[in-house]
Amino acid sequence: MSKLIRLHYAPDNASGIVRLALEELGLPYETVLVDRSQNAQQSTVFRKLNPAAKIPALETPDGTMFETAAILLWLADTSGRLAPPVTGPERTSFLSWLFYASNTLHANLRMTFYPQKYVGDMRAPQKALLSGARANVLEGLRLFESNAATGQLWFNNPDNLSVLDLYLCPMLRWMALYPKQDTDWFALKDWPNLYDLAKRIETRPSVHTLCQTEGMAARPFTNPSPPRPFEGVAL
Ligand SMILES: N[C@@H](CCC(=O)N[C@@H](CS)C(=O)NCC(=O)O)C(=O)O
């Protein structure tokens with residue numbers, strides 16, 4: 001993979017997950033800020049990269065990609081790292097959890113961040129959505145917490161970093177920070193296996209680079225504080 005990779009990002013957005021994978025793989029890449037203060041993710045120009053108008057998008061030598069999990073899987077498969085081999089017994093479980101992280105955990109988290117995008121501006125439907133979405137997030141946390149204890153080869157395994165580890169940790173951070181006035185429901189310490197995972201992953205140089213480039217303080221997963229990005233706005 002020698003030609004240019006370009007990550008369209010915003011600070012503390014899902015693009016950070018892709019940045020972690022790029023850093024872990026040591027791939028050269030450029031970044032382009034998507035200015036969320038201007039809703040640039042909804043612009044005609046950005047929609048050419050991601051018709052779903054969401055961050056991230058990744059330009060690759062093989063074409064432009066969107067959807068975090070798809071990008072992670074492509075990076076892992078084309079580099080032969082951070083995921084089990086395409087054939088073999090470890091793949092089935094890994095894929096199931098990766099898609100669960102994306103389709104259920106991430107999707108429900110989104111509803112808690114932007115309820116108005118799903119049900120409009122009325123308080124009552126927003127409250128109902130929030131409560132359902134949060135119940136789903138809690139169920140996801142329960143499942144990942146017990147999965148993290150089972151000694152899987154490609155999740156929470158110090159000998160085998162995976163894109164699933166990289167996906168989970170920023171989501172744990174977001175739960176503690178967003179939406180700003182409503183984070184009391186979540187404490188990472190209540191999920192000891194996920195806490196250990198986050199603690200281990202946040203010592204990696206890739207996370208240090210993420211913090212440096214996107215204005216986050218040290219220990220971004222176990223002791224998160226709001227980012228102070230040098231450019232652009234956060235989630
Ligand atoms: N399913 C998408 C979700 C990405 C997503 O939620 N991105 C957020 C930033 S973290 C975003 O673009 N938010 C702005 C918006 O929805 O307009 C993925 O996995 O990439």
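Reply: Happy to! Let's start with two helices: Thr68, Ala69, Leu73 and Asp77 in α3 meet Arg91, Phe94, Leu95, Leu98, Phe99, Ser102 and His106 in α4. Keep in mind that this is a predicted model.

Me: What about α1 and α3, are they roughly parallel or antiparallel?

Reply: Helix α1, residues 15-25, packs against helix α3, residues 68-79, at an angle of about 10°. The two axes are 10 Å apart. Angles under 35 degrees count as roughly parallel, so that is the word for α1 and α3.

Me: Which residues make that contact?

Reply: From α1 you have Ile17, Val18, Ala21, Leu22 and Leu25, and from α3 there are Thr68, Ile71, Leu72, Leu75 and Ser79. By class, the contact of α1 with α3 has eight nonpolar residues, two polar ones and no charged ones.

Me: Switching topic: how many residues surround the ligand?

Reply: There are 16 residues around the ligand, and the closest are Ile55, Thr68, Arg110, Tyr114 and Lys117.

Me: Which atom of the ligand is 2.7 Å from the side chain of Arg110?

Reply: An oxygen atom of the ligand is 2.7 Å from an N or O atom in the Arg110 side chain. For Tyr114, a side-chain N or O atom is 3.0 Å from a nitrogen atom of the ligand. Glu67 also has a polar side-chain atom, 3.0 Å from a ligand nitrogen.

Me: How much of the ligand's accessible area does the protein cover?

Reply: The protein covers 94% of the 510 Å² of accessible area that the ligand has on its own.

Me: Nice. Now the backbone: which peptide bonds are cis?

Reply: Pro56 is in the loop between α2 and β3. Another is the bond from Tyr178 to Pro179, with omega near -10°, and Pro179 sits in the loop between α7 and α8. Most peptide bonds are trans.

Me: And what is phi of Leu82?

Reply: Phi of Leu82 is near 70°, a positive value in a residue other than glycine. You'll find Leu82 in the loop between α3 and α4. Most residues other than glycine have a negative phi.

Note on methods: Residues are numbered from 1 along each chain as its sequence is written. This is a predicted model: local features need pLDDT of at least 70, side-chain atom pairs count only at pLDDT 80 or more; totals for chains, interfaces and linings use all residues. Side-chain values use heavy atoms; hydrogens and water are left out. Axes are lines fitted to C-alpha atoms, for helices over the stretch in contact, and angles run from 0 to 180 degrees between N-to-C directions. Helices (H or I, at least four residues) and strands (E, at least two) are DSSP runs, numbered from the N terminus. Angles under 35 degrees count as roughly parallel, over 145 as roughly antiparallel, 65 to 115 as roughly perpendicular and the rest as oblique. Contact means heavy atoms within 4.5 Å. Ala, Val, Leu, Ile, Met, Phe, Trp, Tyr, Cys and Pro count as nonpolar, Asp, Glu, Lys and Arg as charged, and the others, Gly among them, as polar. A residue is near a molecule or strand if one of its heavy atoms lies within 4 Å of it. A polar contact is a pair of N or O atoms within 3.5 Å; within protein, one must be able to donate a hydrogen and the other to accept it, and residues adjacent in sequence count only if both atoms are side-chain atoms. Accessible areas come from the Shrake-Rupley method with a 1.4 Å probe; for residues, only the protein chains shown count as cover.
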